[in-house]
Each structure stands twice: as C-alpha cells, then as structure tokens.
Amino acid sequence: MQMIPWFLRPLCVLVLMALGFAGMTGVAQAADEREYVLGPGDIVRVTVFQNPDLTTEARVSEKGMLTFPLLGAVSVGGKSTSAAETEIATRLRDGGFVRQPQVNVLPIQIRGNQVSVLGQVNRPGRFPLETANLRLSDMIAIAGGISGAGADIVIFVGVRNGKQVRREIDLPLLFLSGDTSNDIVMAAGDIVYVHRAPMFYIYGEVNRPGAFRLERGMSVMQGLASGGGTSSRGTTRGLRIHRRMPDGSLKVVEPGLDDLLRTDDVIYVKESLF
C-alpha cells in the first residue's frame with residue numbers, strides 16, 4: 001500500500017474533517033425535512049427533562065402560538081418539532097428558569113397542516129402533512145391511489161403567496177416525461193381532487209353494450225373492441241355517434257373506424273341487413 005507523504009497528511013486530515021462535517025450537515029438537513037411541521041389545531045405534549053412540573057399538553061392556536069408555563073405564548077406554528085424544542089429551551093435558559101433545559105415536543109393529535117384528497121381515490125379524506133416536502137403524488141399514494149374510475153388529470157387547489165391557485169396536473173405525464181416540476185409540494189389547506197375518468201357508451205348490436213373508460217387517443221375501432229366487437233347480427237357499416245357539442249347541442253356523426261372518440265360519445269351499432 002502506498003503511504004501518504006508526511007507533508008500531505010495534515011491536508012488529508014482537514015479534507016476528511018470537512019467531508020465528515022458536510023455529511024453530518026446533509027443528514028441533519030434530511031432529518032429536518034422528515035420532521036412534522038406544527039400547525040394550528042395541533043395538540044402537543046411538551047416535557048422538560050428533570051422538570052416534571054413543566055410538562056404541558058396544549059393546543060396550537062390559529063395564530064400558531066402555544067401557551068407554556070413561565071413563558072406564556074410561544075410561537076411554534078410553521079416550525080418543525082425540533083425547532084419548537086429549540087425555541088422553548090432557549091427561552092427557558094435565557095429567562096433563567098432552567099439552566100440546561102432538554103425539551104421534547106411530541107404531537108398527540110394532528111389537526112393542523114392537513115390536505116384534503118377528494119374524488120375518485122381509494123381512501124378519500126383529510127391527511128396530515130406528517131413530514132416536510134410531501135408532494136402531490138405522495139398525497140395520492142397516502143389516499144390509496146387513484147381508483148379504477150378516476151381520471152389521469154388531477155385538480156389542485158391551494159393558496160400560494162396569498163393568492164388562490166388552481167392547476168390541472170397530468171399525473172401519468174409527470175413520470176412518463178421525467179419532468180416532475182408540476183409535482184407540487186403540499187401545504188396546509190391544499191385540496192387535491194380526482195374527477196371521474198372520461199367515459200363513452202356503446203349500444204346496439206355489440207356483444208357487451210354499456211359504459212366504458214375513454215383512454216387517451218382511443219379510436220372508434222378500439223372503442224368497439226372494448227364492447228366485445230359487433231354481435232353476429234351487427235355491422236360496422238353505417239355506424240353512428242351521438243356527440244354532445246360545446247354549445248350543448250346534440251350532433252349525430254358517421255365516423256370512420258380510425259376517428260378518435262370524444263368524452264361522452266355514444267356509439268350506435270346497427271343490425272346488418274344481410
């Protein structure tokens with residue numbers, strides 16, 4: 001093994017120390033990102049080591065304040081649990097109440113920092129932002145994923161920089177394209193809504209008449225295949241589609257088999273005369 005020259009050894013030690021510090025900083029930052037951020041309505045238990053009289057259970061107010069013995073109101077809203085611990089410990093030490101306080105903040109009931117996931121998901125409801133930097137796709141996963149009747153387009157409603165924001169996000173495209181910039185970081189009060197998938201309908205001489213999910217770029221021929229194809233008495237000649245136009249009027253069109261279907265199209269398959 002090749003030895004490091006003596007004159008380079010101090011430099012190597014410094015490099016290793018710097019790398020170690022950077023690694024520890026990265027780990028600390030990653031841990032901080034995983035911590036829960038306190039919000040209005042949360043109920044927390046605060047304990048101070050070897051000071052049982054200071055043990056407190058309190059609710060975070062709408063203004064993000066927590067009432068604590070000796071200190072009064074402490075601002076904890078929007079802070080991670082470790083940041084809240086540091087804030088309380090600093091004020092206890094600076095106020096001369098506890099010399100070396102060791103504070104622990106434990107959320108008991110999480111009521112603030114919640115996101116509503118509604119519509120066609122497997123477990124709709126309100127879910128807490130248990131860690132920082134949870135994204136829209138994370139909330140969909142927490143809600144059990146999109147159900148079979150759900151659309152690919154997800155509607156996001158929230159407030160950013162004091163302004164109401166509404167966006168329609170193509171969830172599969174996020175991952176198919178590799179561009180996840182639209183995978184929004186969630187914030188308290190956000191709403192994620194999954195509408196039902198677009199549908200089309202087939203009736204007449206087909207093997208399985210009914211309603212079917214309209215896939216992207218689906219042609220009339222593919223739509224007929226979804227219905228099991230024409231029956232022994234059916235024919236693809238003279239197909240008719242009843243289509244609702246943007247102005248609300250109903251139009252009957254005679255499509256080609258390669259034409260694309262639209263949302264809520266109704267395909268009628270006639271009986272063959274021969």
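Hi everyone, let's start with arginine 196, which is partly exposed, with a relative accessible area of 37%. Before I go on, please keep in mind that this is a predicted model. The mean pLDDT of the chain is 86, and 87% of its residues reach 70 or more. The stretch to be careful with is residues 11–33, where pLDDT stays under 50. For those residues the model has 6 contacts beyond four places in sequence. Where pLDDT is low, the predicted coordinates should not be read in detail.

Back to arginine 196. Its side chain meets that of aspartate 264 in a salt bridge, at 3.7 Å from N to O. This pair links distant parts of the chain, 68 residues apart: arginine 196 is in strand E10, and aspartate 264 is in the loop between strand E14 (250–253) and strand E15 (266–269). Aspartate 264 counts as partly exposed because its relative accessibility is 32%.

How exposed are the two? Glutamate 254 counts as exposed at 56% relative accessibility, whereas arginine 240, at 27%, counts as partly exposed.

By the rule used here, the count comes to 13 salt bridges. One of them joins the side chains of aspartate 152 and arginine 213, at 3.3 Å. Here aspartate 152 sits in strand E8 (residues 150–160) and arginine 213 in strand E12 (residues 210–213), 61 residues apart. Aspartate 152 is partly exposed at 25%, and arginine 213 is partly exposed at 24%. Both belong to one network of salt bridges that share partners, together with Asp170, Glu215 and Arg216.

Now let's return to strand E10, residues 191–196, for isoleucine 191. With Leu118 and Tyr193, isoleucine 191 makes a nonpolar surface patch of about 220 Å². At 34% relative accessibility, isoleucine 191 counts as partly exposed.

My last stop is asparagine 113, in the loop between strand E5 (103–109) and strand E6 (114–119). Is asparagine 113 buried or exposed? With a relative accessible area of 13%, asparagine 113 is buried, because it falls under the 20% cut-off. Which backbone oxygen does its side chain reach? The side chain of asparagine 113 reaches that of leucine 38, at 3.3 Å. Beyond its neighbours within four places in sequence, asparagine 113 has contacts that include Tyr36, Val37, Gly39, Phe127, Pro128 and Ala188.

Notes
Residues numbered from 1 in each chain as written. Predicted model: local features only at pLDDT ≥ 70, side-chain atom pairs only at ≥ 80, totals over all residues. Heavy atoms only, no water. pLDDT = per-residue confidence, 0-100. Contact = heavy atoms within 4.5 Å. Patch = residues over 30% accessible without salt bridge, like charges linked within 9 Å, V, L, I, M, F, W, Y side chains within 5 Å. Areas by Shrake-Rupley, 256 points an atom, 1.4 Å probe, with all protein chains shown as cover. Salt bridge = Lys/Arg side-chain N within 4 Å of Asp/Glu carboxyl O. Helix = DSSP H or I, 4+ residues; strand = E, 2+ residues; numbered from the N terminus. Buried < 20%, exposed > 50% of the residue type's maximum accessible area, 1.4 Å probe, protein only. Polar contact = N/O pair within 3.5 Å; in protein donor to acceptor, adjacent residues only side chain to side chain.
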